[in-house]
Amino acid sequence: FDVGYMSISLWNSSFVYNEQSTPYCYICKGPPDNLPTVQRVLKGNYAVFTAWMWGHYGHSTHDILPWFAYMKELTSHDPTLKYVLLDYRRARDILAVFDPAFYAHRVVWVKPGELTIVKGNVITFKDWQLRDNNFRHMDFLRLWASKARDYESKRDKVVLYNRRNPNDTNGKRYMRPDIEEEMVVRIKDALKRYGRKEELVIYNGLHPNGKSMAAYDQYEFFRDATAVIGPHGSGLTGNLLWTNPTPRDCEDRVKVLEIYGDADVANTTSPNKRGSVDTHWLFMRGWPLEYHHMLFSHGSTRDALIIDLDMFTDVLDSMFGPKGQK
């Protein structure tokens, strides 16, 4: 499964590695032995973003895009500056939805293996980190989002994410079918119990014909959600960035229930069966969400996750019931 371990590297005119562009990992410290021919010469001022995992849908949206937003804000004083980004996987799709005007006028795309020369000033960003579980790294992305798009929401759906998408997900983490069926029943019961008018919609990132949803389709889908429920994963939290970055008040926040494994079940439920899985709340709390959690039960496997259904009902009461129950 290709999670997008690619990055842009920078060298000066003598092909000395530029330490200011040190990517997080998986990149050479010198140019390849056989350099490709120069495919493009850029003239002017450019900012080059070197982060890896760029283009992977979930990790781009909730891990990497916040750091690019930081870089963009630091350089916002120059409206003529253009940004060099890696043209890889879903990167174009994501950025075109997040800020159509910026995508159309301020970005130069380079492909993997392409050699580009810049004749002018080049700046880059050295100290970016992969998430670092720092919720403040969302501040600049929220600022950007609030200026870039309309997030007016119909607020007419509750989303149950089931991860059953062999095209785009890694590590399975599927609820056991009988558990998933009962979750659907209990969510519908909770919505009826508290007079909620939303429709429950099952989401897995696929259209009915089995084709993967484009970023714009997912933006339209999640923009209208009042609640999102599902197992831990980037398909859950990566799409939370399509929700309103500036809700009117706390009650207007999107509710989230992330279900994940503690240390006792980590080796049977984590994507690669190696170690515990941290909740994405550690960094997603920087987005205005009402965040809830529960754990997988013992006996869970990546193919058949189990939860305590009575506890699930209690969590739904906390999410949808009167304020005093929260």
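Student: Among contacts between residues at least 6 apart in sequence, what percentage join residues at least 24 apart?

Tutor: In the protein chain, 75% of those contacts join residues at least 24 apart. Bear in mind that this is a predicted model.

Student: How confident is the predictor, then, and which stretch has pLDDT below 50?

Tutor: The chain averages a pLDDT of 85, and 85% of the residues score at least 70. Residues 20-28 are the stretch below 50. Beyond near neighbours in sequence, that stretch still has 24 contacts in the model. Where pLDDT is low, predicted coordinates should not be read in detail.

Student: OK. How many helices and strands in the chain?

Tutor: There are 10 helices and nine strands. The chain has 326 residues, and 51% of them count as buried.

Student: In what order do the strands of the five-stranded sheet run?

Tutor: The order is β6-β5-β7-β8-β9. The sheet is open and the pairing is parallel. Its edge strands are β6 (199-203) and β9 (289-295), each pairing on one side only. From one strand to the next, the twist averages 15°.

Student: Which helix lies across β5, β6, β7 and β8?

Tutor: Helix α5, residues 177-193. Its direction is about 160° to β5 (157-161).

Student: Let's look at β8. How many bridges join it to β7?

Tutor: Five bridges, between β7 (residues 225-231) and β8 (residues 254-260), and the two run parallel. Ala227 has Lys255 as its bridge partner. Ile229 stands opposite Leu257.

Student: And how many bridges join β8 to β9?

Tutor: Seven, again with the strands parallel.

Student: Are the residues of β8 buried or exposed?

Tutor: Seven of its seven residues are buried. In a regular strand, side chains alternate between the two faces of the sheet. In β8, Val254, Val256, Glu258 and Tyr260 are on one side, with Lys255, Leu257 and Ile259 on the other. Both faces are covered.

Student: Tyr83 has a ring. What aromatic pair does it form with Phe102?

Tutor: A tilted one, 5.3 Å centre to centre with 50° between the planes. Tyr83 lies in β2 (residues 82-86) and Phe102 in helix α3 (residues 100-105), so the pair ties together parts that are 19 residues apart in sequence. Both residues are buried.

Student: What about Phe98 and Trp242, why is that pair called tilted?

Tutor: Their ring centres are 6.3 Å apart and their planes sit at 50°, so the pair is tilted. Planes under 30 degrees apart would count as stacked and over 60 as edge-to-face. Phe98 is in helix α2 (residues 91-98), and Trp242 is in the loop between α7 (234-237) and β8. They are 144 residues apart. Phe98 and Trp242 are both buried.

Student: How many aromatic pairs in the whole structure?

Tutor: A search finds 18. One aromatic cluster holds Phe49, Phe68, Tyr83, Phe98, Phe102, Trp144, Tyr151, Tyr216, Tyr219 and Trp242.

Student: Where is Phe49 found, and why does it count as buried?

Tutor: Phe49 is in the loop between β1 and α1 (57-74). Its relative accessibility is 4%, so it counts as buried; the cut-off is under 20%. Leaving aside neighbours within four places in sequence, its contacts include Ile8, Trp54, Trp67, Phe68, Val84 and Phe125. Trp67 is 18 residues along the chain from Phe49, with their C-alpha atoms 9.3 Å apart.

Student: Last thing. Which rings have the charged end of Arg149 or Lys157 over them?

Tutor: Arg149 sits over the ring of Tyr219, its charged end 4.3 Å from the ring centre. Lys157 has its charged end over the ring of Phe221, 5.0 Å from the centre. Tyr219 also belongs to the aromatic cluster with Phe49.

Definitions and conventions: Residues are numbered from 1 along each chain as its sequence is written. This is a predicted model: local features need pLDDT of at least 70, side-chain atom pairs count only at pLDDT 80 or more; totals for chains, interfaces and linings use all residues. Side-chain values use heavy atoms; hydrogens and water are left out. Two strands pair if DSSP finds at least two bridges between them. Helices (H or I, at least four residues) and strands (E, at least two) are DSSP runs, numbered from the N terminus. Axes are lines fitted to C-alpha atoms, for helices over the stretch in contact, and angles run from 0 to 180 degrees between N-to-C directions. Contact means heavy atoms within 4.5 Å. Rings of Phe, Tyr and Trp (its six-membered ring) pair if their centres lie within 6.5 Å; planes under 30 degrees apart count as stacked, over 60 as edge-to-face and the rest as tilted. Buried means under 20% relative accessible area, exposed over 50%, partly exposed in between (1.4 Å probe, protein chains only). A charge sits over a ring if NZ of Lys or CZ of Arg is within 6 Å of the ring centre and within 35 degrees of the ring normal. pLDDT is the predictor's confidence in each residue, from 0 to 100.
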